[in-house]
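Hi everyone, thanks for making time for this. I'd like to walk you through one structure, starting with how its chains are arranged and then turning to some individual residues. Here it is on the screen.

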There are 2 protein chains.
Amino acid sequence: MKKIYFTVGPSQLYPTVPTYTRHALKDDIFSLSHRSEQAVQLISETTERLRVLLTIPKTHQIFFTASSLENMERSLQNTVERYSFHPIIGEFSKKFFDAAGMLGKKPYKIDLDITNGWKLHELNIPKRTETICITQNETSTGIGIPMQEISQLKKQHPDKILAVDVVSSLPCVPVDFHACDIAFFSVQKGFGLPAGLAVMVVSPQAMEKSVYLAKKGVVIGSYHSFPTLAKAAEKYQTPETPNMFGLYLLGKVAADMHRYGRERILSETEHKAQLLYEACHKHGFAPLSHNTQHRSITTIVVDTKSDAAAIRKRLAAQGMIVSAGYAHRKNSDIRIANFPSHSISSVKKLIRALS
Amino acid sequence: MKKIYFTVGPSQLYPTVPTYTRHALKDDIFSLSHRSEQAVQLISETTERLRVLLTIPKTHQIFFTASSLENMERSLQNTVERYSFHPIIGEFSKKFFDAAGMLGKKPYKIDLDITNGWKLHELNIPKRTETICITQNETSTGIGIPMQEISQLKKQHPDKILAVDVVSSLPCVPVDFHACDIAFFSVQKGFGLPAGLAVMVVSPQAMEKSVYLAKKGVVIGSYHSFPTLAKAAEKYQTPETPNMFGLYLLGKVAADMHRYGRERILSETEHKAQLLYEACHKHGFAPLSHNTQHRSITTIVVDTKSDAAAIRKRLAAQGMIVSAGYAHRKNSDIRIANFPSHSISSVKKLIRALS
């Protein structure tokens, strides 16, 4: 029985990936020199297809890195001399906060009330904050921060850098790149690709901050500092030998998704989320947030109030793989991904299997 | 016409890679959760197969990262508070030196005489040096430092950390891990795999230094500091979602190479290098070093003393792809890889094509 992966990432492959993998073998993509004309062409296509699909402004640079944990590190190194601010909504926002401490910054956090909700614009953000670090969609708790709240926050604090983890948001929900000075994601979530490649979109304001810090003598990293990444990206290159297979697949799948239609992806994501939340409600599975506005539509996390492992096992017997709860919530929660690689019919199949 | 890639990396795929890629698709390796039992099993197999193939001592830890430029950064962050020392033999040793400066260290370099050779044990290494950074095999110049010289250097300086770039050495030449406190490589060179995964082997002495620096308040990085990598590696995990496909292929190919025989790989590498150097000599192509001891046997770089681009074009017309010279030597040199994926018969084919 062919399995369907509703895991929150790595997840179900986008349906065209097996075909492109065979093409990659045939066309020697695995042996392609990263400094060849053909590689420049490939990276330029991937970059510009992403820009079109996600409507990334021309002013913003697109960098390729290895993981979202790397992107957290690079965001902090390149935009924070001392003070970062972190609203916490789960384990990944905590990781962002912890990274700042490990990098010798002075991070400050506020635990948001994930059960009852919050008002982001009412948060007391210390004046000295240089960068506000936000996890837009928390894969650990299924909590999401609506993009309008983030846009409003940027309007309130135009002088501060907003570094936004959109790891499990794109391309399934709209992202306002004018509000996000840094927005980063990995390809094994919404893009349905094998892991090992991540993307960082950087605004002129974040670039300027990085250059300013470097001039001041602050260490902003070596091969993956923003200026070094920018110098390579200008020529559609990367400082290191990159994951060329990942870049190849990302370009192909971004083009497929653009053909399919971003608007269609956005509306289908909402529709499938509604179906999944309704099904969960029917079975007495409870989302962690009482506030529907703060529920993720891409990674649905519910407290099964029973033996979550048994439920996962029962689903697996029918070929449906869902994720366990994160860390200490392993035995109570299940986590269900809702990405473009999950068709409406496969979501309906999962809902039937839940009954 | 199916091409043969003699490029210095990415290079010719190891012959079993296409089959394993098809297996990876069939067995859902691309969708595999990195926190699953199966992933732990996969990473443990890859780790232990590498340990056996390369005879890595049990005392040493094996970490997986994204690139060798990353490994340079991590080596410096985790073992240097202030002073690193760099013998320069080409562009990659310069990159290692430059990275130290960018990371706020005080690197000191000596340009080795790559034409006439050097005596590593006669170098005047500043006493305060914490880490000696060595590029064992220079892909840019085709200069190699014999492992005996490196072992002797470590004996001379047992208190200093030796961080050795063996990027284009392994598994084709012996590496003495008792001399190398850090040895790192990428998989797109000697292992004949797609790029996007790198390996770092770390000694207890290097680990201790990292822990010591962290206690002292020196920034040693976040998700990829040695202690964080070690904590994950202990459970055969990685801090981030890793390039699981790369890890899968590396484990499979390490097992294949072990079955084929490491000794056989070592002796065949020497034999093929001899054939290639003889052929180059016949055509008046000159290695950069007059000293045969300091010539790489895995990445053969020769000054064609004529139009290198025309030679590369002529070879390409016969399906043989070789690398251009590095940077400013683009028009004079050609670079030829000699890895386990290059069979003796394919090397002979290249030699015939050169005539």
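Let's begin with the symmetry. Chain B can be superposed on chain A by a rotation of 180 degrees with 0.0 Å of shift along its axis, and the RMSD is 0.0 Å. Which residue of chain B comes closest to the rotation axis? That is B:Ala66, with its C-alpha at 3.1 Å.

A quick word on conventions. This is a predicted model, so local features need pLDDT of at least 70 and side-chain atom pairs count only at pLDDT 80 or more, while totals for chains, interfaces and linings use all residues. Residues are numbered from 1 along each chain as its sequence is written, chains are lettered from A and ligands numbered from 1 in the order in which they are written, and side-chain values use heavy atoms, with hydrogens and water left out.

Now the interface. Taking contact as heavy atoms within 4.5 Å, 48 residues of chain B are in contact with 48 residues of chain A. And 100% of the interface residues of chain B are also interface residues in chain A, so the copies meet through the same surface. The area buried between the two chains is about 3600 Å², and carbon and sulfur atoms give 61% of that. Buried area here is the accessible area, with a 1.4 Å probe, that two parts lose on being put together, summed over both. In chain B, the residues that lose the most area to chain A are B:Phe30, B:Ser31 and B:Tyr223, together 16% of what that side buries.

What about polar pairs? Across the interface, the rule finds twelve residue pairs in polar contact, both residues at pLDDT 80 or more. A polar contact is a pair of N or O atoms within 3.5 Å; within protein, one must be able to donate a hydrogen and the other to accept it, and residues adjacent in sequence count only if both atoms are side-chain atoms. On the chain B side, helices H1 (17-26), H3 (68-79), H4 (91-102) and H8 (244-260) each supply at least two residues that touch chain A. H1(B) gives the most, with six residues. For the record, helices (H or I, at least four residues) and strands (E, at least two) are DSSP runs, numbered from the N terminus. That side of chain B divides into 21 nonpolar, 18 polar and nine charged residues. In this scheme Ala, Val, Leu, Ile, Met, Phe, Trp, Tyr, Cys and Pro count as nonpolar, Asp, Glu, Lys and Arg as charged, and the others, Gly among them, as polar.

On to salt bridges, meaning a side-chain nitrogen of Lys or Arg within 4 Å of a carboxyl oxygen of Asp or Glu. The whole structure has 34 of them over all chains, and the count between chain B and chain A is four. In one, the side chains of B:Glu73 and A:Arg74 meet at 2.9 Å, N to O. Those two also belong to a network of salt bridges that links A:Glu70, A:Glu73, A:Arg74, B:Glu70, B:Glu73 and B:Arg74.

Then there is B:Asp28 with A:Lys2, a salt bridge at 3.2 Å, N to O. This pair crosses between chains, from the loop between H1 and helix H2 (37-54) of chain B to the segment before strand E1 (4-5) of chain A. The cut-offs are under 20% relative accessible area for buried, over 50% for exposed and partly exposed in between, with a 1.4 Å probe and protein chains only.

Within chain B, B:Arg329 and B:Asp303 form a salt bridge at 3.7 Å, N to O. B:Arg329 lies in the loop between E13 and strand E14 (333-337) and B:Asp303 in strand E12 (residues 299-303), so the pair ties together parts that are 26 residues apart in sequence. B:Arg329 is partly exposed at 23%, and B:Asp303 is buried at 18%.

Last stop, B:Asp181. It sits in the loop between strand E8 (161-165) and strand E9 (182-186) of chain B, and is buried at 3% relative accessibility. Its side chain makes a polar contact with the side chain of B:Lys154, at 2.7 Å. Thanks, and I'm happy to take questions.

Definitions and conventions. Copies are superposed by least squares on the C-alpha atoms of residues with pLDDT of at least 70 in both.
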